Amino acid sequence: MKAHKPLVIGNWKLNPATLGKARKLFTEIRDRYGRRKSAINAVVAPPFPFISEIERLSPSRRIELAAQDVFFESTGAYTGEVSLPMLKSVGVSYVMVGHSERRARGETDEDVYRDVQVVLKNKTQVVICVGEKARDDHGNYFGVVEAQLRAALRDVKKTWLPNVIIAYEPIWAIGTGNTATPEDAREMKLFIAKILTDRFGRKEAKKVRIIYGGSVKKGNAAALLETGEVDGFLVGGASLRPADFVSILNTAVEYVKNSQAT
Ligand code: PGA
């Protein structure tokens, strides 16, 4: 049996355009997903202005809520920012940090470090996004991922690890349709697990879920779980299509069932 409950997060990014459309998108996902629960963590990450309303539409929390980003201070003179206490107070249980689209707009390893600290100190689950821009023949991309990870995990305490999720998202795979092969995803998962083990010890490192993102679709989800051995997904484009997203959720549910049976 697999050690972790799979975690599948739908990252809506800057979509959809209005609250009405967000309501419709979520309701369709919720209704299609139905009563299946607890075998996996099913999560959506809507834009900030929609979070409260989505929370209201899912009172049972069968589908949980993530935020796409956070600011490291709690209150104060920081125009335009959103803090962790604010997010928690509207029902957010997971916070994504360091997504490549934010790094591309100037977020640094130091920003990621501060965000990770505030999320974990407040006993909330953090999804730390890492991934290389491109692959090369010399394996330099391993170094890129390692540097991002080490910066993000600085000062993280062993006891916080159950709230840590690493999302491996190679930038070349995001929104391009070029999904990493299950073998590539597995290789990077093992590499990340090794860094965690070196840093925290084997037993503690195993508490961290390592998920994959980058053109995850209903057609490749099963292989990424089975052969890629990842603990779940961060889904962008496909999470905006209810039938596709629920099919990915159901693939993870089936995967758990099958691995329990063997
Ligand atoms: P994608 O996005 O599934 O559209 O490739 C993934 C992400 O950016 O989290």
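Helices (H or I, at least four residues) and strands (E, at least two) are DSSP runs, numbered from the N terminus. This is a predicted model, in which local features need pLDDT of at least 70 and side-chain atom pairs count only at pLDDT 80 or more, while totals for chains, interfaces and linings use all residues. Residues are numbered from 1 along each chain as its sequence is written, and side-chain values use heavy atoms, with hydrogens and water left out. The chain comprises 10 helices and 8 strands. Its radius of gyration (taken over C-alpha atoms) is 17 Å, close to the 18 Å from the globule rule (2.2 Å times the number of residues to the power 0.38) for 262 residues, so the chain is as compact as a globular protein of that length.

**Overall dimensions and backbone**

- The C-alpha trace of the chain spans about 50 × 50 × 35 Å along its principal axes.
- Pro16 is found in the loop between strand E1 (7-11) and helix H1 (19-33), and the peptide bond that joins Asn15 to Pro16 is cis, with omega near -15°.
- Lys123, located in the loop between H5 and E5, has a positive phi of about 55° although Lys123 is not a glycine.

**Ligand site**

- The ligand is surrounded by 13 residues (each with a heavy atom within 4 Å of the ligand), and the closest are Lys13, His99, Glu169, Gly175 and Ser215.
- By class, this shell holds 4 nonpolar, 7 polar and 2 charged residues; Ala, Val, Leu, Ile, Met, Phe, Trp, Tyr, Cys and Pro count as nonpolar, Asp, Glu, Lys and Arg as charged, and the others, Gly among them, as polar.
- Polar contacts are pairs of N or O atoms within 3.5 Å; within protein, one atom must be able to donate a hydrogen and the other to accept it, and residues adjacent in sequence count only if both atoms are side-chain atoms.
- A polar side-chain atom of Lys13 is 2.7 Å from an oxygen atom of the ligand.
- For His99, the distance from a side-chain N or O atom to a ligand oxygen atom is 2.8 Å, and for Asn11 the corresponding distance is 3.5 Å.
- The ligand taken alone exposes 280 Å², of which the protein buries 95%; accessible areas come from the Shrake-Rupley method with a 1.4 Å probe, and for residues only the protein chains shown count as cover.

**Pockets**

- On a 1 Å grid over the protein atoms alone, a pocket is an open set of points with protein on both sides within 12 Å along at least five of seven lines, whereas a cavity is a set where a 1.4 Å probe fits but cannot get out; lining residues have an atom within 4 Å of a point.
- Grid points are joined across faces, edges and corners, and a volume is the space filled by probe spheres set on the points.
- The largest pocket holds about 600 Å³ of space, and of its 26 lining residues the closest to the centre are Phe48, Gln68, Asp69, Arg102 and Arg105.
- Helix H4 (100-103) and helix H5 (109-121) each give at least two residues to the lining of the largest pocket, with H5 supplying the largest share, 3 residues.
- That lining contains 11 nonpolar, 5 polar and 10 charged residues.
- The second largest pocket has a volume of about 390 Å³ and is lined by 15 residues, with His4, Lys189, Ala193, Lys206 and Asp231 nearest its centre.
- Helix H7 (182-200) provides the largest share of the lining of the second largest pocket, 4 residues.
- The lining of the second largest pocket divides into 7 nonpolar, 2 polar and 6 charged residues.

**Cavity**

- The count is 1 cavity of 30 Å³ or more, and the largest cavity contains about 30 Å³ of space.
- Residues lining the largest cavity include His99, Arg103, Cys129, Gln148 and Glu169.
- H4 and strand E5 (125-130) each supply at least two of the residues that line the largest cavity.
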